[in-house]
Amino acid sequence: MAGKSELVFVPLGGVGEIGMNIALYGYGPANAREWMMVDVGVTFPDAHLPGVDLVMADTRFIEENLDSLKGIVITHAHEDHYGALHDLWPRLKAPVWMSPFTAGLLEAKRQSEAGAPKIPVTVFKAGEKFTVGPFQIEAVPVAHSIPEPMALAITTPAGTVVHTGDWRIDLAPEIGPPTDEARLRALGDAGVLALVCDSTNAVREGDSPSEQAVGASLKEIISQCKGRVAVTTFSSNVGRIRSIAEAAAGAGRQVMVLGRSLKRVINVAGELGYMDGMPDFAAEEDYAYIPRDNLVIICTGSQGEARAALAKLARDEMKTVGLTPGDTVIFSSRVIPGNEKAILEIKNLLIDQGVKVIEDGDALVHVSGHPRRSELRKMYEWTRPKIGVPVHGEAAHLVAHGSLMATSGIPDVAQVRNGDILRLWPGKPEIIDQVPFGRVFKDGLLMGSEEAMGIRDRRKLSFAGHVAVNVVLDDRYELAGDPDIVSIGVAQIDAAGEDMEDRMLDAAIGAVDSIPRQRRKDLDLVQEAVRRAVRGAANEAWGKKPLVTVFVTR
């Protein structure tokens with residue numbers, strides 16, 4: 001195959017996990033491929049990554065081949081598809097293509113983030129075609145939970161790949177056109193080599209309800225509520241924001257918006273005409289003058305974020321706005337895996353206030369932006385691909401989706417994971433190699449690997465604390481007084497009531513005394529002996545081993 005062109009697909013993130021979607025398409029001979037990147041997303045840290053702000057895919061493979069990276073195409077403006085652009089673009093410096101709404105949100109984010117780069121962007125609209133290196137791209141509009149989501153029809157001499165991005169079928173979306181069945185059918189008629197397709201809801205049977213059905217349900221719920229109603233949803237879901245605002249207006253209520261990210265999205269959406277026809281939102285300063293039965297609050301915090309508006313309402317920390325017994329909070333959202341505990345804590349705080357909580361299982365207050373199994377079958381029917389590639393999901397989603405593809409008549413199904421090089425053409429699909437992949441962590445003003453950012457040690461600190469010991473030896477290599485010891489995050493007393501620092505101090509002194517004086521000239525030996533003794537004393541008394549730092553001087 002040397003010297004012959006190939007078409008390959010390489011996911012760097014988002015395949016085998018939810019979030020952090022980033023993929024490469026390569027075309028050309030194996031030693032001279034030209035590359036295009038699709039999406040540059042983030043995922044958010046959990047409790048095992050203390051202090052970390054954002055998690056991004058490791059892009060070192062393509063950083064080592066920057067001359068052959070011809071461009072970056074963003075399918076839509078969800079954080080898991082474009083949220084790493086500001087942080088990773090300075091490493092990539094390739095041309096970027098995105099929709100007007102995505103470009104507007106990117107610029108709004110740049111203005112709110114100190115030091116964010118000004119990224120040159122080429123804007124495309126639904127139905128338009130453009131060229132990225134050897135790739136001919138057509139933006140095909142699809143329905144999702146954000147304005148202007150696009151599937152990409154990617155054409156090379158090898159054929160056409162349909163990269164769906166996030167999508168669903170909604171014949172009655174609140175914003176934007178429905179998924180373009182006619183264009184997808186036409187692509188299928190012309191011949192689709194591969195369908196690289198969203199797997200998020202591949203385990204769920206049936207079809208998703210429409211956004212307008214959600215809006216009608218919200219209107220009915222709000223009209224029946226007594227007192228104030230607060231609705232929390234994803235800030236990027238402009239269609240849902242409209243649905244809530246229209247439901248409030250239908251119930252004769254004013255609408256107030258709380259949360260910076262919501263206000264930012266609404267401003268961008270308003271500039272592009274997506275909020276046309278909506279009544280003006282009430283100002284926070286007017287809260288005290290609006291009767292309880294006349295107010296709906298749209299707020300951030302659907303995932304239990306501690307600093308979001310809903311969490312502040314639950315803790316009664318907002319200066320001008322609050323909830324009282326008899327009010328209602330509607331979670332018009334799904335739970336992102338990993339956020340269950342934080343959301344439950346918010347719900348319990350609200351319930352303790354006497355606030356009624358309504359969520360997805362109680363009524364139709366949310367619909368996912370991803371296709372269920374009946375919708376997936378329709379996509380296969382429209383595009384009729386030779387190859388199916390499940391992406392965007394955890395292992396359970398990918399395997400379920402692959403099985404559905406196979407039983408629905410797609411001739412070849414390729415299961416891939418992050419880092420795999422999948423050859424789509426020529427011949428049958430095959431994983432031919434693997435590239436470096438992994439995670440990069442944004443930690444304050446810095447970015448780097450888990451080791452470079454000290455995250456592993458920080459995780460240990462969060463479990464067992466830290467002990468610092470300072471040992472001073474005199475000219476005869478005897479202790480020049482008791483060592484100094486400071487512990488942070490360590491239990492104060494043991495089960496017998498003895499001071500833990502005293503116990504560790506005794507262990508440090510004993511460790512020095514046990515070393516023959518001539519051997520104490522090896523300060524590294526003394527340091528390690530003290531470290532092991534202090535850790536051992538803590539473990540014996542407490543059952544945990546703190547991080548121990550020892551300084552030895554003479």
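A residue counts as buried when its relative accessible area is under 20%. In this predicted model, W35 and F61 are both buried by that cut-off. Of the 554 residues of the protein, 54% count as buried. The fold has 15 helices and 27 strands, and its C-alpha atoms fill a box of roughly 90 × 75 × 45 Å along the principal axes. Among contacts with a separation of 6 or more, 71% are between residues 24 or more positions apart.

**Aromatic pairs and clusters**

- The number of aromatic pairs comes to six.
- One of these pairs is formed by W35 and F61, which are edge-to-face with centres 5.4 Å apart and planes at 90 degrees.
- This pair links distant parts of the chain, since W35 is in strand 3 (residues 34-40) and F61 is in helix 1 (residues 60-63), 26 residues apart.
- F101 and Y274 form another edge-to-face pair, at 6.3 Å centre to centre and 85 degrees between the planes.
- F101 counts as buried because its relative accessibility is 0%.
- W97, F124 and F130 make up one aromatic cluster.

**Charges over rings**

- K109 places its charged end over the ring of Y82, 4.9 Å from the ring centre.
- The charged end of K347 lies over the ring of F331, at 5.0 Å from the centre.

**Nonpolar cores**

- In soluble globular proteins, nonpolar side chains tend to be buried together.
- The largest nonpolar core here has 73 residues, and the members touching the most others are L24, M37, V40, I72, L85, F101 and I330.
- Helix 7 (residues 238-250) gives the most to this core, contributing six residues.
- Another core lies apart from the largest one and has 32 residues, including V15, Y27, A194 and L398.
- Beyond its neighbours within four places in sequence, V40 contacts N21, I22, I72, I74, H81, Y82, G83, A84, L85 and L88.

**Helix 14**

- Helix 14 (residues 500-513) has 14 residues and spans 20 Å from first to last C-alpha, close to the 20 Å expected at 1.5 Å a residue.
- D499 caps the N-terminal end of helix 14, with a side-chain oxygen 2.9 Å from the backbone nitrogen of E501.
- The buried residues in helix 14 are M500, M504, L505, A507, A508, I509, A511 and V512.
- These buried residues pack against strand 25 (466-472), strand 26 (484-488) and helix 15 (523-542).

**Backbone geometry in loops**

- W425 and P426 are joined by a cis peptide bond, with omega at about 0 degrees.
- The loop that holds P426 runs between strand 21 (420-425) and strand 22 (430-434).
- K93 is a residue other than glycine with a positive phi, near 50 degrees.
- K93 lies in the loop between helix 3 (85-92) and strand 7 (96-98), and counts as exposed because its relative accessibility is 57%.
- R384, also not a glycine, has a positive phi near 50 degrees.
- R384 is found in the loop between helix 11 (373-383) and strand 19 (387-391).
- With a relative accessible area of 38%, R384 is partly exposed.

Methods
Residues are numbered from 1 along each chain as its sequence is written. This is a predicted model: local features need pLDDT of at least 70, side-chain atom pairs count only at pLDDT 80 or more; totals for chains, interfaces and linings use all residues. Side-chain values use heavy atoms; hydrogens and water are left out. Rings of Phe, Tyr and Trp (its six-membered ring) pair if their centres lie within 6.5 Å; planes under 30 degrees apart count as stacked, over 60 as edge-to-face and the rest as tilted. Helices (H or I, at least four residues) and strands (E, at least two) are DSSP runs, numbered from the N terminus. Buried means under 20% relative accessible area, exposed over 50%, partly exposed in between (1.4 Å probe, protein chains only). A charge sits over a ring if NZ of Lys or CZ of Arg is within 6 Å of the ring centre and within 35 degrees of the ring normal. The expected span of a helix is 1.5 Å times one less than its number of residues. Contact means heavy atoms within 4.5 Å. A polar contact is a pair of N or O atoms within 3.5 Å; within protein, one must be able to donate a hydrogen and the other to accept it, and residues adjacent in sequence count only if both atoms are side-chain atoms. A nonpolar core is a set of buried Ala, Val, Leu, Ile, Met, Phe, Trp, Tyr and Cys residues joined through side-chain atoms within 4.5 Å.
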